[in-house]
Each structure stands twice: as structure tokens, then as C-alpha cells.
Amino acid sequence: MKHKSYLDIMRGFSIFFIVLGHAISHSDSVEGIYKFIYSFHVCAFFIISGYLFNEKKYKFKEFIRKKFFRIMIPYFFWEIIFLIPYAIFILKRNLFRNYEIVDYIFKIIYGNGNNDALNQNTSLWFLPALFSMEILMYLFIKIFNKFNKKTRKLLLISVIFIIGIMFSSFIKIKLPWGLNTAFSFLIVFYIGYLIKEKNFLEKINIKIIFLLGMIGTISCYLNIDIVSLVEYRYGNYFFALLSGICLSITLLGISYKINSNKIIEYVGSNTMGILVFHKIVIILFQAKMGKVTNYLINSNLTIEMLMGIGVSLITIIFSLGLNKIVKRNFPYLLGSYKKEERKVEER
């Protein structure tokens with residue numbers, strides 16, 4: 001079956017919004033745009049992952065092994081590697097003194113990005129959360145498989161939504177491997193799964209895309225807070241879900257209509273490397289670039305957005321360069337695998 005280019009296009013757009021959100025996170029005049037980006041940019045990846053999810057292909061142990069290889073190996077390796085520059089340039093001390101390194105290694109193993117636990121590369125909090133979400137979805141589908149198709153979907157939606165409410169509103173314990181986020185937003189992942197199962201994209205049109213975009217945007221600005229999944233900040237949970245789902249599907253619909261764009265597809269096929277490396281450049285521009293930093297953070301909306309977009313594009317280009325070097329020599333450190341296998345998974 002033909003490789004689905006629109007998924008790489010959506011990944012390309014989504015990682016751009018991730019980088020842009022981080023680039024303008026300290027800018028003074030763009031809070032409204034920042035709020036909009038943060039309402040869906042992580043959920044977009046959950047939708048894609050749900051769309052590609054296939055519980056029938058592997059038995060549970062093999063499923064865990066493959067997902068661990070693709071998601072958690074890069075997470076552990078790069079979080080540990082980034083401890084070195086973090087200690088030298090940010091902390092400016094020897095982590096091995098007083099065995100401080102043990103505390104940092106424990107935080108990496110625990111895999112919860114909340115409460116500044118992964119400061120050396122905060123962006124990677126997403127990987128344990130995604131891994132947990134994949135495993136949870138596999139287990140939920142298998143548990144409810146004994147019911148007929150219609151009943152199974154209704155039960156899954158209901159149970160996942162109730163669990164999401166519980167974890168978003170009442171459970172304050174910070175669980176390992178991003179389980180708080182995984183439980184709170186598992187329904188987003190499942191929506192992606194249903195979109196694929198129902199062939200929704202074949203029925204989507206411009207009117208539906210526009211309507212979903214409007215619902216998502218209105219929900220975003222009706223929410224009382226900026227959504228931050230890593231911090232468990234959702235504001236109104238219903239609005240957070242609605243904006244995340246609707247805007248993510250809007251982006252998926254737009255990507256489906258575009259269907260082919262080699263540049264965006266290339267970016268989208270290398271999102272792991274961009275996720276890993278982009279914070280290096282972002283921090284440099286935000287804190288070490290003199291007038292550039294001032295323009296990025298302390299100007300007006302137009303200048304800050306133009307600077308943010310420019311910084312994001314430079315960051316992505318730089319990250320793609322590092323990605324290419326690592327991928328050529330150590331592909332497993334970026335979760336890479338054979339192209340043939342990838343095409344099979346995207347059928």
C-alpha cells in the first residue's frame with residue numbers, strides 16, 4: 001500500500017508548532033498565539049499515534065519490545081547525554097560530587113517531566129508519556145475485545161473519559177513514565193484510532209475542516225488557562241480536550257488535503273531528531289544572543305512572532321543536520337528502523 005505522505009506532513013506541521021511554542025514561550029506580546037499553539041500541538045502527535053496504532057499486528061511482549069526500542073531507548077540515552085552540558089554550562093558544578101548524579105539518574109528512570117524533573121532536556125518528557133499511552137491503549141482494547149464492536153467502542157469511550165476526568169482533576173500523585181498525562185489524554189489517542197478505523201479522512205471536506213477549526217479555536221480561548229500537559233495544567237478539562245481534538249483533526253484534514261510536499265514530509269519523517277536537539281538552539285536564542293534575544297522576548301507582537309518563526313526555522317534546520325549525522329551512524333538512538341517496516345505499519 002502507498003505510503004501515507006499526509007501523516008509526515010502533519011508530523012512536520014506539528015513539530016514546527018512544538019518548536020515555535022518553545023521559541024516564543026518567554027515572549028511578552030504573543031500570549032494569545034502561545035495559548036493557541038499549546039492547546040493542540042502535543043495532542044496532534046497523540047492523534048497521529050492513535051491513527052497508526054495497530055494492536056493486531058504483534059502479541060503483547062513483542063509490542064512492548066518494539067515500542068520500547070523506538071521510544072524509550074532514545075529517551076534514556078539523550079536524557080543521560082544532556083546531563084553533561086547541563087551540569088557544565090547551567091549548573092556549573094560536578095554532578096558526581098556528593099552523588100548528585102544518582103538523583104538525576106533516578107529522575108530520568110522515573111520519567112515524569114513535571115516539577116522540573118528533566119531540566120536537561122524537558123522536551124523529552126513526551127516520550128515516556130507516549131510509550132505509556134501506547135501500552136494502555138493496547139491493554140484497554142484487548143480487555144474490551146470480548147464485547148461486540150458497537151458496545152466495545154461505547155464502553156471504551158466512556159471508561160477512558162471517566163479515567164481522564166479522574167486523573168485530570170482528582171489524582172495528584174506524580175506517577176512514573178508520564179502516566180498522569182497518558183491517562184488524562186488517552187481519549188485523544190483513541191480518537192485518532194477511530195479516525196483510521198472509520199476512514200474519516202475519506203469523508204472530510206473543507207467545510208468540516210473549517211467547522212472543527214472554529215470549534216477548537218473557540219474552545220481554546222474559552223479555557224481559563226494555557227494548556228501545558230507536562231505541568232498537568234488543563235484549565236477546564238473539557239475545553240482542553242475539545243480544543244486539542246478539534247484542532248488536531250483540523251491539522252490532519254489540512255495535511256490530508258495537501259497530500260504531498262517533499263520539504264514538509266522530510267521534516268515530518270525526522271521529528272525524533274528535532275524533538276531531541278531543538279532545545280539547544282532555542283535556549284541559545286532566548287538567553288545568549290544579545291539584541292536578538294531582546295527582539296524575541298521584549299518587542300511587539302509582529303516582531304516577536306517573526307523572530308519566533310525565524311528562530312524556529314533555523315532551529316529545525318540545525319536539528320535536521322544533527323539528526324542526519326546521528327541517524328546515519330546510530331539510527332537506533334533516534335528510534336529508526338527499516339523503511340519497509342515503517343510503510344507496513346502505516347497501512
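This is a predicted model: local features need pLDDT of at least 70, side-chain atom pairs count only at pLDDT 80 or more; totals for chains, interfaces and linings use all residues.
**Core.** I looked up the largest nonpolar core and found 109 residues in it. Phe 46, Trp 78, Phe 126, Met 137, Phe 185, Val 188 and Leu 252 have the most contacts inside this core. Helix H7, residues 126-143, gives the most to the core, with twelve residues.

**Trp 78.** I then asked what Trp 78 is in contact with, leaving aside its neighbours within four places in sequence. I listed Leu 124, Val 276, Phe 277, Val 326, Leu 333 and Leu 334.

**Aromatic pairs.** The structure holds 35 aromatic pairs. I picked out Phe 17 and Phe 40, which form an edge-to-face pair. I noted 5.3 Å centre to centre and 70° between the planes. Phe 17 lies in helix H1 (residues 5-23) and Phe 40 in the loop between helix H2 (31-38) and helix H3 (41-52), so the pair ties together parts 23 residues apart in sequence. Is Phe 40 buried or exposed? Phe 40 is buried, with a relative accessible area of 4%.

I turned next to Phe 63 and Tyr 138. Their ring centres are 4.6 Å apart and their planes are at 35°, so I logged the pair as tilted. Phe 63 lies in helix H4 (residues 60-81) and Tyr 138 in helix H7, so this pair ties together parts 75 residues apart in sequence. Phe 63 is buried, at 2% relative accessible area. Tyr 138 is buried too, at 4%.

**Cluster.** I found Phe 63 and Tyr 138 again in one aromatic cluster, with Phe 53, Phe 60, Phe 189, Tyr 190 and Tyr 193.

**Charge over a ring.** Last, I checked Lys 107. Lys 107 lies over the face of Tyr 104, at 5.3 Å from the ring centre.

How values were computed:
Residues are numbered from 1 along each chain as its sequence is written. Side-chain values use heavy atoms; hydrogens and water are left out. A nonpolar core is a set of buried Ala, Val, Leu, Ile, Met, Phe, Trp, Tyr and Cys residues joined through side-chain atoms within 4.5 Å. Buried means under 20% relative accessible area, exposed over 50%, partly exposed in between (1.4 Å probe, protein chains only). Helices (H or I, at least four residues) and strands (E, at least two) are DSSP runs, numbered from the N terminus. Contact means heavy atoms within 4.5 Å. Rings of Phe, Tyr and Trp (its six-membered ring) pair if their centres lie within 6.5 Å; planes under 30 degrees apart count as stacked, over 60 as edge-to-face and the rest as tilted. A charge sits over a ring if NZ of Lys or CZ of Arg is within 6 Å of the ring centre and within 35 degrees of the ring normal.
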